[in-house]
Amino acid sequence: AIVFGSDHGLCGRFNEEIAEYARERMDSVAADPQHRLLLAVGARVAASLEHAGEHIEEDFLVPGSASQITATVQQILLKLDEWREQAGVHYIYLFYNRHSGGEGYHPTGFELLPINLRRFHHLEEKAWPSRVIPTFTMEREVLLSRLLHQYLFVTIFRACAESQASEHASRLAAMQAAERNLNERKDELTMLFRRARQNTITAELLDVVSGFEAITADEQ
């Protein structure tokens, strides 16, 4: 499985939620947990998975910018090829937090390999946008191999981008929540300070009045 998370904190339960979701989905698969191979993108999510008892085969840093996602995806594809050729891996799952607009996201995941061709059936129902029938000149096997490689690349690239967008949204929401808490605490402390100040002033005035009355009583 490939699990996308973050390298940095201050983003709420971003990593804990995707780690819990990934473990629940993997536990529902009829496979030996001792033979799981996990690739984590993000030091924080790797730590969450290891804390839960999972073994991380390898972890990558989260790309620092959109332009660096391509290099990370290429490294992941090389790792997948290594799993398939050397470890005989046939099933690979992809887990990430999907951005749902605004400040929201939700954990999602699906079977990356083997490719579920039913996901493409809805394309057959759409009308072809041109009168020219598509054709090809290279060998069918070579074309299919390249198309599948591009499909895997785009799918993992999108998952990485979605995860980063969700991370930033989660961090923004956490910072806004912290700002609201600070403002509420500030208002509470201001009210307590004003009350204590008023009590002090009242006590001092009472002392002055009491002293004045005492002096007046002595003079009479």
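User: Leucine 10 first: buried or exposed?
Analyst: Leucine 10 is exposed, because its relative accessible area is 74%. Here, buried means under 20% relative accessible area, exposed means over 50%, and partly exposed lies in between (1.4 Å probe, protein chains only). This is a predicted model, in which local features need pLDDT of at least 70 and side-chain atom pairs count only at pLDDT 80 or more, whereas totals for chains, interfaces and linings use all residues. Residues are numbered from 1 along each chain as its sequence is written, and side-chain values use heavy atoms, with hydrogens and water left out.

User: Where does leucine 10 sit?
Analyst: Leucine 10 lies in the loop between β1 (2-4) and α1. Helices (H or I, at least four residues) and strands (E, at least two) are DSSP runs, numbered from the N terminus. The phi of leucine 10 is near 60°, a positive value in a residue other than glycine.

User: Which residues does the cis peptide bond join?
Analyst: The cis bond joins leucine 113 and proline 114, with omega about -5°. Proline 114 belongs to the loop between β5 (105-113) and α4.

User: Next, salt bridges. How many does the structure hold?
Analyst: The structure holds eight. A salt bridge is a side-chain nitrogen of Lys or Arg within 4 Å of a carboxyl oxygen of Asp or Glu.

User: What is the partner of glutamate 54?
Analyst: Glutamate 54 pairs with arginine 23, and their closest N and O atoms are 3.2 Å apart. The pair links distant parts of the chain, 31 residues apart: glutamate 54 is in the loop between α2 (43-51) and β3 (56-60), and arginine 23 is in helix α1 (residues 14-27). Glutamate 54 counts as buried at 10% relative accessibility, whereas arginine 23 counts as partly exposed at 25%.

User: And where do glutamate 167 and arginine 171 lie?
Analyst: Both are in helix α5 (residues 140-219), four residues apart, about one turn of the helix. Glutamate 167 is buried, with a relative accessible area of 5%, and arginine 171 is buried at 17%. Elsewhere, salt bridges that share partners join Arg23, Asp27, Arg36 and Glu54 into one network.

User: Why are lysine 79 and glutamate 82 separated by about one helical turn?
Analyst: They are separated by about one helical turn because they are three residues apart in helix α3 (residues 69-86). Lysine 79 counts as buried at 9% relative accessibility, while glutamate 82 is partly exposed at 32%.

User: Changing topic: which residues lie nearest the centre of the largest pocket?
Analyst: Those are Ala31, His35, Arg36, Val89 and Tyr91, from a lining of 17 residues. The lining divides into twelve nonpolar, three polar and two charged residues. Ala, Val, Leu, Ile, Met, Phe, Trp, Tyr, Cys and Pro count as nonpolar, Asp, Glu, Lys and Arg as charged, and the others, Gly among them, as polar. A pocket is an open set of points on a 1 Å grid over the protein atoms alone, where a 1.4 Å probe fits, with protein on both sides within 12 Å along at least five of seven lines; lining residues have an atom within 4 Å of a point.
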